[in-house]
Amino acid sequence: MIEQAFNGLVGGAFYALLALGLAVIFGMLGVVNFAHGAFYMLGAFGAFILLDSFGIGFWAALVIVPVLLGLVGMALERLLIRRLSGLDPLYGFLLTFGLALILQDLVRRQYGVQSQQYARPELLGGTLNLGLFDYPAYQVFVLALSAVVCGAVWLLLTRTKIGMIVRASTEKPELTRALGIDVSRWVTPVFGFGIALAGLAGVLAAPMRAINPLMGGDLIIVVFAVVVIGGLGSVFGSVAAGFLIGLVSALGNLYVPALSQTLVFILMAAVLLWRPAGLFGRQEGLT
Amino acid sequence: MLTVENLSAWYGEAQVLREVSLQVAEGEIVTLVGRNGAGKTTLLRCVMGLHARVGGAMSLRGADLTALPPHRRARLGIGWVPDDRGVYATLSVEENLLLPPVTGPEPWSMEEIYAAFPRLKERRRSPGTRLSGGEQQMLAMARVLRTGSRLLLCDEPTEGLAPVIVEQIGDILRQVKDRGVTVLLVEQNVHFAASVADRHYLLAEGRVVDALDNAEVRARQDELLEHLGI
Ligand SMILES: Nc1ncnc2c1ncn2[C@@H]1O[C@H](COP(=O)(O)OP(=O)(O)OP(=O)(O)O)[C@@H](O)[C@H]1O
Ligand SMILES: [Mg+2]
């Protein structure tokens, strides 16, 4: 049971990283990025390709892949996403969803639908004794790194000047511009940063999950539920809900296996009925 | 300081400003009076560059504003105090003050701000929107003082506030004027307007219909109040 809970938290670590990126992007750009799962998938493939074709290992990939994908994200924002501003949000959905399909199919063309394998880094190959049970060291690392990254982003957002500008631009973009801040200048790096987080989650997934073109699509549906439960645009809520949903679905798996797939969505519906803006969303203005 | 020439503005098909022209000289406090829906807020938003559908021209100390985005206008020294006060809930009181960049040669220091607004100092770590309405108004004013803006656009700063606080806002505006700052003030409270301002423009249905000085405002107070529907 405790071991299952731990599994849940590790799963939640991925939800949290992905939801965090989605939340930051949504807050700053007002765009729900349906391509987020595709970038997670590209992160995993990035690690795989680096090793397979260039002999570059896990630790380097952990840095290189997010940075590269972050740059791709920034280019994407400049070339395409930027053009959405002022348009119906539906266009954002069409663009990012279309992008997700294109990225998926490009990878599928190259690698097919079978899953690729990626070995755990040697250093983390064994198990750790956590007192009550032995647990794979790699999973412990994933959990710890995700917690550290989420915490660092939290500090960045709440304690720094950049964070202050991001919060202000997210809450009142028009006023923030009128107060002398060039909001559009911050939009590109924020989008790239969100994509880099998805890429990081993808690299972390490579050694423990099946690497295939559809891995992002399956996961991202749950991540959207996570973001809604946490409160759309609430950074803290996304992270908290990420870990919470990981926990709930793992325990659900244990006690009510029949519901394991739907439990998250039942929870989402319940939260929406109880608090329409999500657990940590600001409730004003919503009825 | 500020020149507005033949400014027109639309919301969709509806024209809400019709060829408005006005001038505000350096160091003056000028008010815009007019009943609800006359277009006062729209005019300030146009000066700030926040309104997309506009015609006409605006300049600040001779520099053409027309093509500049809002953040560039702010950096030229225009400080906006919006009608909803524009206080951020996700920023603390102090962050609300520190957010906008300093734009003018004589910004108020944080010590001066806190000396003038002790309540803001006491509440500096609270989220901005935890403040009372009057305190939020003070925060919105203090924020543009800290930037050192040379032209303040204040949109109904006294609306809905208790007389003591209205008096305080009057004091601040007079202090600001003593430092040579120019103010374009939207105000429904004619009495208050006459007590702080040098001149007044009367706006009706998107047009400037009258330009008055303080003596005229006092002489025509009843007529004005009736026009404003108060
Ligand atoms: N977002 C909007 N969309 C459509 N019409 C608008 C919008 N905002 C204002 N208007 C209309 O434009 C006109 C001018 O509005 P504005 O807010 O500038 O008036 P105001 O003089 O500031 O009024 P008040 O004293 O109520 O603040 C009004 O007729 C109003 O109904
Ligand atoms: Mg108004």
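A salt bridge is taken here as a side-chain nitrogen of Lys or Arg within 4 Å of a carboxyl oxygen of Asp or Glu, and the structure holds 16 of them over all chains. The model is a predicted one, in which local features need pLDDT of at least 70, side-chain atom pairs count only at pLDDT 80 or more, and totals for chains, interfaces and linings use all residues. Side-chain values use heavy atoms, without hydrogens and water, while residues are numbered from 1 along each chain as its sequence is written and chains are lettered from A in the order in which they are written.

Select Asp105(A) and Arg108(A) to begin: their closest N and O atoms are 2.8 Å apart in a salt bridge, and because the two are 3 residues apart in helix α4 (residues 89-111) of chain A, about one helical turn separates them. Helices (H or I, at least four residues) and strands (E, at least two) are DSSP runs, numbered from the N terminus. Asp105(A) is partly exposed at 38% relative accessibility, a class lying between buried (under 20% relative accessible area) and exposed (over 50%), with a 1.4 Å probe and protein chains only.

Next, in helix α7 of chain B, select Arg174(B) and Asp171(B), which are 3 residues apart and form a salt bridge with closest N and O atoms 3.3 Å apart.

Finally, select Glu223(B) and Arg220(B), whose side chains meet in a salt bridge of 3.1 Å, N to O; Glu223(B) is partly exposed at 43% relative accessibility, and Arg220(B) is partly exposed at 25%. Elsewhere, salt bridges that share partners join Arg119(B), Glu122(B), Arg123(B) and Glu135(B) into one network.
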